[in-house]
Number of protein chains: 2
Amino acid sequence: MAIPTVRVGVIGAGNVGAALVALLLDPTRRVALEDAATASLEVVAVAVNDPTKPRPGVPAALVTGDAAALAQHGDIDVLVEVAGGLAPAGDLIEAALRRGVSVVTANKALMAQRGTELARLAHAHGADLFYEAAVGGAVPILRALRTSLAGERIERVIGIVNGTTNFILSKMTDGGLDYDAALAEAQERGFAEADPRADVEGFDAAAKVLILASLAFGTELRDETISREGISSVRAFDVDFARKAGYVIKLLAVAQRHGEHGLSRSVYPALVPVDHPLAAVHGAMNAVFVEGTVAGPLMWLGPGAGGGPTATAVLGDILDAARNRVAQRHDVPFLVDDTLERVPAGELSSVYYVSLDVVDQPGVLAAVAGTFARHHVSIQSMEQSGVGEEARLSFVTHHAREADMAATVAELATLEAVDSIGARLRVIDGGA
Amino acid sequence: MAIPTVRVGVIGAGNVGAALVALLLDPTRRVALEDAATASLEVVAVAVNDPTKPRPGVPAALVTGDAAALAQHGDIDVLVEVAGGLAPAGDLIEAALRRGVSVVTANKALMAQRGTELARLAHAHGADLFYEAAVGGAVPILRALRTSLAGERIERVIGIVNGTTNFILSKMTDGGLDYDAALAEAQERGFAEADPRADVEGFDAAAKVLILASLAFGTELRDETISREGISSVRAFDVDFARKAGYVIKLLAVAQRHGEHGLSRSVYPALVPVDHPLAAVHGAMNAVFVEGTVAGPLMWLGPGAGGGPTATAVLGDILDAARNRVAQRHDVPFLVDDTLERVPAGELSSVYYVSLDVVDQPGVLAAVAGTFARHHVSIQSMEQSGVGEEARLSFVTHHAREADMAATVAELATLEAVDSIGARLRVIDGGA
């Protein structure tokens, strides 16, 4: 039986692009891909910045230096964008969608900033826009939110969506390293950039939680800033305290419903109970934990980065787009429900862990405890460590408003007996 | 804008059926469901054995006692079968498919036995046959294998797909209970049947691994018997030994490729390293761990049973079937690739843990070790416990053929110094 051909153009031949082209051209996968795509997938061009540079696995005949021409008038059914960056990727994707070419992208920054606008453009021109690889690498969480969980009311989504920070925190937990040593090892092993800020300060995770929230709660993907705390203030002492208390520290991307009309999205390091499934997410792995009203707690886990794994997520999207092309249909983008109000970070409440270094004198604990009390933060437990003239006090609070906790910490910093304030980390409650 | 109506008939109003009908009739979900289904979903009938029995949440006007009439000539687009059992479910599903009605079922036993035949029937009549809820309850693993991983070459699938046995083993691990006490608690809490054999002897998990293998490796779903070991021989001692050695014991459903042309499918309790993601699957939760050639290790986790969670999986399938109805298309069933040869269980190799009770006399270890050696089973480590005239020897082997291990155990049983042979459990290697 003759099957139709779906023509694919690729922009970008880095780790992901090269791995993808290798998958698409692998003769041992041809039958399985044709079966899954209901079409023969033909790679017609691979656009790169420097077409003179040799690309192992990418046939020279396919390489072009003109990405704009490919997007604007290449004879293609599906455009794959795995080059990254806001520009020119955004314009290229827009050009392709405007002429009805379906787009598959791994571009989290672009989707977080312009996702809804581009999805509407795709819909208006009868095309698909898929971006599974933008969150969680190989972990197929976005398709699950779009399909399997489309009928479910989701209460909370918690992601470990940044492999760099999870690697660093895992090294601090299992290897006993301090933050700087763990970061250095991550850099050495290629898990962290020379300038690690996008990862360790939570910018990468923030883009991803915006995308997760859009699918879980129908929020619009437009240029938004959310509450974001990184991991650079987490010390070996905190990791150690957490372990003794039955927790591990993870950088979490959290989107959560509050009552009927409230929604929060934030990124912060938190203490996760050791028997929570998220505590078992080691090294550079990613995971997304979804709490559904009826489905209960669900978790997806897998490699969050890497050329091959990310390419498999892109490939899954290409197969979807190809099937739709053959059936002459496209997926309708998710419903935007912007009735959910953003709950200001200060209004959110959590259990907190706080540690401070104090002068070891009579009356210090009373002064510190009085400060907590004045801001309505109730203490669940306290532990003192250290000897001599210096002591470290580690508190775990009951549920407290973030604004009250911030005011507490601000006042503690003014106390004469307090030398320094260490970590102030949230403690999440048990999952499954 | 007027949207089409998709008419749904339901067979079965037990835990799952009642929860499903409640979801479909919930007015607060109506908009989200219409958006996801691209149609208005109308429940037209709910067939039950005893229509006089009150069913909370199921309007009496919808209840009928005639499932056959609903399947054979009800005015429906989608038939949902959540009654279970091979008969009459099989005939009812067949009747619906023959007239082009799409079918959504949670019936693992039926799908394991007749899945391919029924999928072909569906395809021939332009209908869909979906059965996400048959494996892993709320865990949307089957759709992921059909879609996200359709282009991936899978090496191994390991499932914890039976909540009853996972609850029992978790109780033995965390609560220090022995098998009988843990089973009794599972029965008391409704996690195990009065006759627990289908669960504890691995029959339930065997049906599920057949279904997983069909999607991961293209095997045909026909009536097949596979290698199956239950958990009733696992003792508190084994759980304890495993914990000290850095493992937890789990009942695993394993489907695995061997080279280019080999495939094995089996169910057995095994020692899982504590840092493996499957070790973090606690209580009645289910999980499926997939090792892809390029995607790497992926895991799905969630509640494996319960009316609400299972109903959400059924609902996801109904939404897929409804969207396809509206688009006047259906999903093509997975490709059957029966070139994979079943590797006989005896040919498989694994690391094993074996424990035996022996008379504590000089020369016993030499006799025992000689038996292992005669059957080419090499020993990785040995530990002796117990005092006085009795001793327990616990061995961990290197990789050994199952047939060799079986021969070793058979000969050990004949040794005069061996009082009894306890567990013989596989040890799986680390994952992520």
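Let me start with how the two chains meet. Of the interface residues of chain A, 100% are also interface residues in chain B, so the copies meet through the same surface. Bear in mind that this is a predicted model.

Now to one strand in chain B. Strand β9(B) covers residues 247-258. Is β9(B) mostly covered or mostly uncovered? Mostly covered: nine of its twelve residues are buried, where buried means under 20% relative accessible area.

What does β9(B) pair with? One partner is strand β7 of chain B, residues 154-160. These two pair in the antiparallel sense, over four bridges. If you want a place to look, find R156(B), which stands opposite Q256(B) in β9(B).

Another partner is strand β10 of chain B, residues 262-273. Here twelve bridges join the strands, and again they run antiparallel. Look for L251(B), which stands opposite P269(B) in β10(B).

Last, the connection. β9(B) and β10(B) form a hairpin, and three residues lie between them. In that turn, G259(B) has a positive phi of about 65°.

One general point to keep in mind as you look at the strands. In a regular strand the side chains alternate between the two faces of the sheet.

Conventions:
Residues numbered from 1 in each chain as written. Chains lettered and ligands numbered in written order. Predicted model: local features only at pLDDT ≥ 70, side-chain atom pairs only at ≥ 80, totals over all residues. Heavy atoms only, no water. Buried < 20%, exposed > 50% of the residue type's maximum accessible area, 1.4 Å probe, protein only. Pairing = 2+ DSSP bridges. Contact = heavy atoms within 4.5 Å.
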